[in-house]
2 protein chains.
Amino acid sequence: MFELELSGPSEGNPFTDVELHAEFSDGQRPVRVGGFYDGDGIWRVRFMPDAEGAWTFATASNSPDLHGRTGRFTCGPAAAGSHGPVRVADRFHFAHADGTRYLPFGTTAYAWTHQVERLREATRRILAESGFNKVRMCLLPKSYQYNDNEPELFPFPGSVEDGWDTTRFDPAFFRRFEEEVLALRESGIEADVILCHPYDRWGFADLGAAADDRLVRYTVRRLAAFANVWWATANEYDLLGSKTEADWERLAAIVAEEDPFGHLRSIHNCGPFYDHSKPWITHVSAQRQDVYRTAEYTDQWRERWGKPVVVDECGYEGDIDWGWGNLTGEELLRRCWEGAVRGGYVQHGETYVNDAEELWWSKGGGLLGSSPERIAFLRAVVERSPTGVLDPLESDWDAPRGGVAGEYELIYFGFNRPRFRMIDLPEGGSFDVDVIDTWNMTVDRVAEDATGEIRVDLPARQYMAVRLTRASR
Amino acid sequence: MFELELSGPSEGNPFTDVELHAEFSDGQRPVRVGGFYDGDGIWRVRFMPDAEGAWTFATASNSPDLHGRTGRFTCGPAAAGSHGPVRVADRFHFAHADGTRYLPFGTTAYAWTHQVERLREATRRILAESGFNKVRMCLLPKSYQYNDNEPELFPFPGSVEDGWDTTRFDPAFFRRFEEEVLALRESGIEADVILCHPYDRWGFADLGAAADDRLVRYTVRRLAAFANVWWATANEYDLLGSKTEADWERLAAIVAEEDPFGHLRSIHNCGPFYDHSKPWITHVSAQRQDVYRTAEYTDQWRERWGKPVVVDECGYEGDIDWGWGNLTGEELLRRCWEGAVRGGYVQHGETYVNDAEELWWSKGGGLLGSSPERIAFLRAVVERSPTGVLDPLESDWDAPRGGVAGEYELIYFGFNRPRFRMIDLPEGGSFDVDVIDTWNMTVDRVAEDATGEIRVDLPARQYMAVRLTRASR
């Protein structure tokens, strides 16, 4: 990220009175980027170059102090481990800008950036160590069961009692959020930033169109140059009763306008899906459809929308009273596998009740569940695919099959538990056959260089998979 | 059952050449009943009186030997424990003819009557002791995986090699079957007799219309006077590719014509349902709809067809290779509870592989599973309902509720496992509250005489239910 810092006007209301843009160019492509006021007379324009070499820039503003500033810089090679923002790749999957495959194995901690430093530090550390590579997190503070504490910072000056001045922002609020996004980037974790959500007691869920627009524009200008940002226009958009589809489309257009770097964009449902055929939506961010089935629809949703399917909420491992938040680790892991072999990405979440009301799902702080290490094991199995991903394959009715046809195929048995299975190996080669216990995280080679129909003995336990890996042609 | 035995013609082909009927009357209602040839010059007419008192009868036949025979008998009170045939009651439920509530808690042993005596004896004994009160069983022998043994008896004279004479029957075959139906009756178990099925290597699944008609007519005349008979026109009717809806309707009409006693009638699907709105169908006999959901549709199917819903196959507890036959006991029990609180009846089945290939599902012989005793526990919970049945009640989205509104309500949590639940008790009275562990079969009283909203603590385990029983008004 290149950041241009300028001194400029601070009188009046700089947030609304002054407009600042910069045009960056590598000599071939101009890129127009919006700047923002960061308080104390400081103005910034953040830029994420997408090519090495010399770049120039020139500013334009209705403030003479900020107008016509020019400069140049050289973009060097990417730092080790830095692969650039994540894009859609191969229609149903993802890759970083440098082509490195990215498999979303994420979790959710909605309000972790709004907690005290003790919790934030623990969350950062756990995320860095956990094997998760994405976290869904709300820009705005959250009010909900188990979320009664007041945040230290608010996006606007003011208070609930005296009212918020939504024409201004508190830069400290955004700096805090940015620090956390940056910390995630350092750990290789994507920040799926939720711009709007319904869990509110401060009025932020119903600011009106003008204030919504200002907030989204300001936020995107601040954050878009962070490589690891994704935009989730809303969480449970359908619970934000005061907003219509026209509002969502207008906000999405602002995101597109203010993000010249093309980060991923989604909108997450509670009940009915948003129309994911809208061109601005890069991938499906799905929520559980009913008590029993969700991940099982992954392949149908791929067909329906022709986009990657990320099941961002299929229920949480935990024990709270809400029906979406008291799955066993086994059931959550089962859903992750179901989605994986159907060519999608089911994400983790955890909601164990504790006396401090510090549930990972919202405040971060600590993971207690049994699924994370097993989800990491799933990730390792997917990563061994020769294409780096799994796509749905023709399946028996009772056991979805996914992978790369004739090369790397996974058959997943879920809660069923056969004692054996007759498997017709793909034609045109020989296969090594593994029995994978997805819960106990073991892989047993049961046949090598096999062809034709084979009998694969299984332990009559739940959560088993069979893997076929091409051995020869 | 009153049985009229007559000596009559045995020359030619008595099965097709001679017609025999008898009209029974209690002086108010004539009942016309078909007779049948039982071999060796013996003819029988079986009658199930539905009222105590004096009955007369007179025969009619195209054989002078069998024509114009008359007689009388007195029907005494029902024997202890004998409640008469099962009928539909309260639209979605069942009761015996004497009004005694009947809750179907059945199992399946398709081909048990076609096995050797050792297996049949074991099956009879286990059924008598198991707590099941219905068994689905095929009239005809079964050919399928784990069903390779030849039966001792066949319905027709002949052989596969030499062909079957489908214009004649082997009375010994039917007597064997009747003996087993009678043994079930003595144990208080309903015999859900499957007239047609597709699991065949003898040609019985494709006899042609004329032979089908003769077989069904003969079978119904023999069996209809047994109080515990139900008619399942077919199992997996849609796998009998040579039969059309017109065939099923014609066979159903023969059943109705030849059964003056009005036994229950159904037709069971593999994939798509038969049109259960047909008037002759007394109840829905449903099969699993997909890997994940079936029992969960019970309340919808009640709405759709306005008839009792019996999920005769929602998968089997077992460990065979077929996806329908390797459920855990937990999952089968979960399905039974799901169906129960939604106002229906999910039936048991078991398919554990063993070296003898004697799987309960088909041959009977022995139960190995963990679900039967727990299904019996469910039955006891349902039987405590003040109406004797459960009907679906307004439910939270994540936990179906069923019972008798404001009197006896069960909330079932399935694979979810909350640590507690806030429950608004029904208005207008006070309630005793029990936490039921449906797997461990325990009932813990957690509140007595409670009103208003209460917090019910739960053990954060799967397969729990909460029961509300009215304590006072």
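Student: How many helices and strands does chain A have?
Tutor: Helices (H or I, at least four residues) and strands (E, at least two) are DSSP runs, numbered from the N terminus; in this predicted model, chain A has 9 helices and 29 strands. Its radius of gyration, taken over C-alpha atoms, is 24 Å, close to the 23 Å that the globule rule (2.2 Å times the number of residues to the power 0.38) gives for 473 residues, so chain A is as compact as a globular protein of that length. Residues are numbered from 1 along each chain as its sequence is written, while chains are lettered from A and ligands numbered from 1 in the order in which they are written. Local features need pLDDT of at least 70, side-chain atom pairs count only at pLDDT 80 or more, and totals for chains, interfaces and linings use all residues, with side-chain values using heavy atoms and leaving out hydrogens and water.

Student: What share of the residues of chain A count as buried?
Tutor: With buried meaning under 20% relative accessible area, exposed over 50% and partly exposed in between (1.4 Å probe, protein chains only), 63% of the 473 residues of chain A are buried.

Student: What is the order of the strands in the open sheet of chain B?
Tutor: Strands of a sheet pair through backbone hydrogen bonds, either parallel or antiparallel. Here two strands pair if DSSP finds at least two bridges between them, and the 6 strands of chain B follow the order S1-S4-S3-S2-S5-S6 with antiparallel pairing. Strands S1 (2-7) and S6 (70-75) of chain B stand at the edges with a single partner strand each, so one side of each has no neighbour in the sheet.

Student: Where does Ser25(B) find its bridge partner?
Tutor: Strands S2 (residues 20-25) and S5 (residues 53-61) of chain B pair in the antiparallel sense over 6 bridges, and Ser25(B) has Thr56(B) in S5(B) as its bridge partner.
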